Amino acid sequence: MKGSILDTIGSPLVQVDSPDGATVAAKVESFNPGGSAKDRPAQAMVRAAEREGVLEPGDRIVEPTSGNTGIGLALVCAARDYDLTIVMPASKSEERRRIMRAYGADLELVDGDMETARARADELEAEGAVQLGQFENPANPEAHYRTTGEEIVEQVGDREVDAFVAGVGTGGTLSGVGRRLREEFPDVEIVAVEPARNAVLSTGEAGEDGFQGMGPGFVSENLDVDLIDSVETVRLEDAEAECRRLAREEGVLVGQSSGATSIVARRVAERIADPDRECPAVPDAFEAAPPAESDGGEVDDCPLVVTVFWDSGERYLSTGLFD
Ligand SMILES: Cc1ncc(COP(=O)(O)O)c(C=O)c1O
């Protein structure tokens, strides 16, 4: 038995469709209690603020967010007895709003992008609320270093991670997981993914795109750019087509940013695959043991690409993503 819903934070690492001679695996973060990877930094930021004496139960928290951090915070605030105001661009999905309200959070919608939401959150902070600041709060990447990254190291067992592919919002996931993986596997290649029409890391210029969670339109303080070996871009329509493919062909229901990183993880896997090596399948529920014969050598030599699927496709149903 767990002491709190917050003690259930964590996710499985699941093999997905992989090219010959390589394995692609994803952290399926929809398994977290609030349904996304953002439960991790939400809990960590509240904990850090309590430790620093900045927050105590009963206080009001304010956060600008494109959605999942808001849901993570709404869950943590409900469980720890905080009031919460979320400031969110009105363009983000209806599911996100309803879930936050279900957890008891107050929601302020702004016409504009994340910059507009940040400006409004600053005003509410000036009026007395505590802002946790996911774009600059070190507890955000630290949560991914301590939990997501650590889980990956444990879950790959004897295998080495050759590449890590992550979409970038606040940069918390890429920076925290990237730092932990580099520590464990010094040669790991780290690939950042951003929206093709809002490619700030690749072009230095912000643009307009419909991705939820990825591509904030600026370089976040929490993004450790020194960890990044390369940046790849994905168009929203291609990411959404990949979401439909993952759902229909693999039974993996995920949102837009996960579709984008799935495409790039496969690209990287195709590039580093060793065609002479047959990577033994990871046993699944229908197959108790790995195939008896492998003509390609040891499983731990097979190139492994790890990525993150941040949230569930259920969070995007109203956008028509799966229609
Ligand atoms: C759906 C989704 N994908 C990707 C990200 C990017 O994660 P990070 O903020 O750790 O860079 C987020 C962050 O909010 C998200 O909600």
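Which of the 21 residues around the ligand come nearest? I found that Gly-169, Thr-170, Thr-173, Gly-213 and Ser-257 do, where a residue counts as near a molecule or strand if its C-beta atom, placed from the backbone, lies within 6 Å of it.

I noted for the record that this is a predicted model, in which local features need pLDDT of at least 70 and side-chain atom pairs count only at pLDDT 80 or more, while totals for chains, interfaces and linings use all residues. Residues are numbered from 1 along each chain as its sequence is written.

**Ligand shell.** I looked up which elements give two or more residues to the shell around the ligand, and they are α2 (68-80) and α6; helices (H or I, at least four residues) and strands (E, at least two) are DSSP runs numbered from the N terminus. The most comes from α6, with three residues. By class I read four nonpolar, 15 polar and two charged residues in this shell, with Ala, Val, Leu, Ile, Met, Phe, Trp, Tyr, Cys and Pro taken as nonpolar, Asp, Glu, Lys and Arg as charged, and the others, Gly among them, as polar.

**Domains.** I took the bounds of domain 1 (5-33 + 138-319) and domain 2 (39-131) from the domain assignment of the chain, which is an automatic or database one. Each of the two domains supplies at least three residues to the shell around the ligand. Their centres, taken over C-alpha atoms, are separated by 26 Å. I also found 24 residues of domain 1 in contact with 21 residues of domain 2, contact being C-beta atoms, placed from the backbone, within 7 Å. On the side of domain 1 that touches domain 2, α5 provides the largest share, seven residues.

**Helix pairs.** I then followed α5 (residues 139-155) to α6 (residues 172-184), whose axes come within 7 Å and cross at roughly 50°; axes are lines fitted to C-alpha atoms, for helices over the stretch in contact, and angles run from 0 to 180 degrees between N-to-C directions. That makes α5 oblique to α6, since angles under 35 degrees count as roughly parallel, over 145 as roughly antiparallel, 65 to 115 as roughly perpendicular and the rest as oblique. Residues making this contact include His-144 and Thr-148 of α5 and Thr-173 and Val-177 of α6.

I looked next at α8 (residues 236-250) and α9 (residues 256-272), whose axes come within 7 Å and cross at roughly 90°, and these helices are therefore roughly perpendicular to each other. Among the residues that meet are Leu-236 and Cys-243 in α8 and Gln-256 and Ile-263 in α9.

Technical notes
Two residues are in contact if their C-beta atoms, placed from the backbone, lie within 7 Å.
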